[in-house]
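Please look over the sequence and the model before turning to the points below.

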Number of protein chains: 2
Amino acid sequence: MDSKTYRVSVQLKPSVLDPQGKTVAHALHALGFEEVTDVRIGKIISLKIHGDLPDDEVRGRIDAMCQKLLANPVIETFELVED
Amino acid sequence: MDSKTYRVSVQLKPSVLDPQGKTVAHALHALGFEEVTDVRIGKIISLKIHGDLPDDEVRGRIDAMCQKLLANPVIETFELVED
């Protein structure tokens with residue numbers, strides 16, 4: 001058995017306000033980076049998975065992890081990032 | 001002039017402890033996802049850039065934004081994510 005790392009990207013839905021991103025955008029403007037018009041901040045979660053489950057089964061379990069814990073499906077979207 | 005979105009991934013260096021990731025790993029175990037052996041949590045920052053600067057100049061400016069504000073180079077690494 002060996003380990004494989006999967007990466008999940010969790011982003012706020014486009015309709016949801018991102019005050020953290022707004023704050024970063026203001027700070028970038030203050031530093032002279034005036035070309036930045038919008039900033040959105042999401043999470044990237046790296047999961048090291050141990051075992052010999054087939055790849056599509058692991059993907060199903062990661063989907064369940066996102067639904068139950070890693071993301072808030074009401075305001076966030078998630079997707080597996082391919083390396 | 002139009003806008004283009006660039007995405008920057010900011011991760012803790014492998015040598016830096018990630019207590020948030022550890023907490024998520026424990027929670028996943030408690031939910032029955034025992035195949036997860038390690039979790040690391042990073043940020044993904046989407047920057048909407050306005051203007052007609054050439055692509056390599058924009059990349060240079062994004063590198064400067066990361067050095068100055070978006071990442072802490074002592075404990076974090078950053079890279080542009082290609083879509």
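In this predicted model, A:Val39 stands opposite B:Leu47 in S2(B). The strands concerned are S2 of chain A and S2 of chain B, each spanning residues 36-50, and they pair in the antiparallel sense over 13 bridges. The points below proceed from the sheet to the contact between the chains.

**The sheet as a whole**

- An open sheet is formed by 6 strands, which follow the order S3(A)-S1(A)-S2(A)-S2(B)-S1(B)-S3(B) with antiparallel pairing.
- From one strand to the next, the twist averages 25°.

**Pairing within chain B**

- Strand S1(B), residues 3-12, is joined to S2(B) by 8 bridges in the antiparallel sense.
- S1(B) also pairs with S3(B), residues 76-81, again in the antiparallel sense, over 6 bridges.
- B:Val10 takes part in both pairings: its bridge partner in S2(B) is B:Lys43, and its bridge partner in S3(B) is B:Phe78.

**Pairing and packing in chain A**

- In chain A, S1 (residues 3-12) and S2 pair in the antiparallel sense over 8 bridges.
- One bridge links A:Ser9 to its partner A:Ile44 in S2(A).
- Helix H1 of chain A, residues 19-30, packs on the sheet and touches S2 of chain A together with S2 of chain B.
- The direction of this helix makes about 125° with that of S2(A).

**Extent of the interface**

- Contact between the chains involves 31 residues of chain B and 31 residues of chain A.
- The two chains bury about 2,800 Å² between them, and 64% of this area is on carbon and sulfur atoms.
- Of the area that chain B buries against chain A, 21% comes from B:Phe33, B:Glu35 and B:Ile44, more than from any other three residues.

**Polar and charged contacts**

- There are 2 salt bridges between chain B and chain A.
- In a salt bridge, the side chains of B:Glu35 and A:Arg61 meet at 2.4 Å, N to O.

**Make-up of the chain B side**

- The elements of chain B that give two or more residues to the side touching chain A are S1, H1 (19-30), S2 and H2 (55-70).
- S2(B) gives the most, with 15 residues.
- By class, this side of chain B has 17 nonpolar, 7 polar and 7 charged residues.

Note on methods
Residues are numbered from 1 along each chain as its sequence is written. Chains are lettered from A and ligands numbered from 1 in the order in which they are written. This is a predicted model: local features need pLDDT of at least 70, side-chain atom pairs count only at pLDDT 80 or more; totals for chains, interfaces and linings use all residues. Side-chain values use heavy atoms; hydrogens and water are left out. Two strands pair if DSSP finds at least two bridges between them. Helices (H or I, at least four residues) and strands (E, at least two) are DSSP runs, numbered from the N terminus. Contact means heavy atoms within 4.5 Å. Buried area is the accessible area (1.4 Å probe) that two parts lose on being put together, summed over both. A salt bridge is a side-chain nitrogen of Lys or Arg within 4 Å of a carboxyl oxygen of Asp or Glu. Ala, Val, Leu, Ile, Met, Phe, Trp, Tyr, Cys and Pro count as nonpolar, Asp, Glu, Lys and Arg as charged, and the others, Gly among them, as polar. Axes are lines fitted to C-alpha atoms, for helices over the stretch in contact, and angles run from 0 to 180 degrees between N-to-C directions.
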